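Hello,

Here is the structure I said I would hand over. My notes on it follow below.

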Amino acid sequence: MAAQGSIKIIIMCVCVYLAVMNIAGFTSMAADKIKAKKKKRRISEAALLLTAGLGGSFGAFLAMNTLRHKTKHVKFVLAVPLFLIAHILLLAFLIWRFVL
């Protein structure tokens, strides 16, 4: 019984983490887009990709496509969808392994 409770807590923490990271992924891309339009100091590409790679790939992907930001940069066009696929596969594995 205690193991099931621990798994539920871990799953909840993972969900909260992913939600926060995806919000961060979207908002960092949106902020960079605004800064680009205003010709202000930008958020580094490394920071944007790191946010996507650490779990914010869906938010970054959504921002790229809705805001049309970084869509001409090959490293973003390739890396962000690959991060997203990797995150989906990892999440599916964790659900299969610990939930089903």
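Thr51 is buried, at a relative accessible area of 17%; buried means under 20%, exposed over 50% and partly exposed in between (1.4 Å probe, protein chains only). The residue sits in helix 2, helices being DSSP runs of H or I with at least four residues, numbered from the N terminus. Leaving out residues up to four places away in sequence, Thr51 touches Met21, Ala24, Gly25, Ser28 and Gly56, where contact means heavy atoms within 4.5 Å.

This is a predicted model, in which local features need pLDDT of at least 70 and side-chain atom pairs count only at pLDDT 80 or more, while totals for chains, interfaces and linings use all residues. Residues are numbered from 1 along each chain as its sequence is written, and side-chain values use heavy atoms, with hydrogens and water left out.

Next, the core. A nonpolar core is a set of buried Ala, Val, Leu, Ile, Met, Phe, Trp, Tyr and Cys residues joined through side-chain atoms within 4.5 Å. The largest one has 10 residues, among them Met29, Leu48, Ala52, Phe76 and Val80. Helix 2 (45–67) and helix 3 each supply at least two of its residues, and the largest share, six residues, comes from helix 2. Beyond its neighbours within four places in sequence, Ala52 is in contact with Ser57, Ala60, Val80, Phe83 and His87. In helix 3, the buried residues are Phe76, Ala79, Val80, Leu84 and His87.

Then the charged pairs. There are four salt bridges in the structure, each a side-chain nitrogen of Lys or Arg within 4 Å of a carboxyl oxygen of Asp or Glu. Asp32 pairs with Arg42, with the closest N and O atoms 3.0 Å apart; Asp32 lies in helix 1 (residues 2–37) and Arg42 in the loop between helix 1 and helix 2. Asp32 is buried at 0% relative accessible area, whereas Arg42 is partly exposed at 38%. Glu45 meets Lys70 at 3.3 Å, N to O, and also bridges to Lys75 at 2.8 Å. Lys75 is in helix 3 and Glu45 in helix 2, so this pair ties together parts 30 residues apart in sequence. Lys70 is buried, at 9%, while Lys75 is partly exposed, at 46%. Asp32, Arg42, Glu45, Lys70 and Lys75 are linked in a network of salt bridges.

Regards
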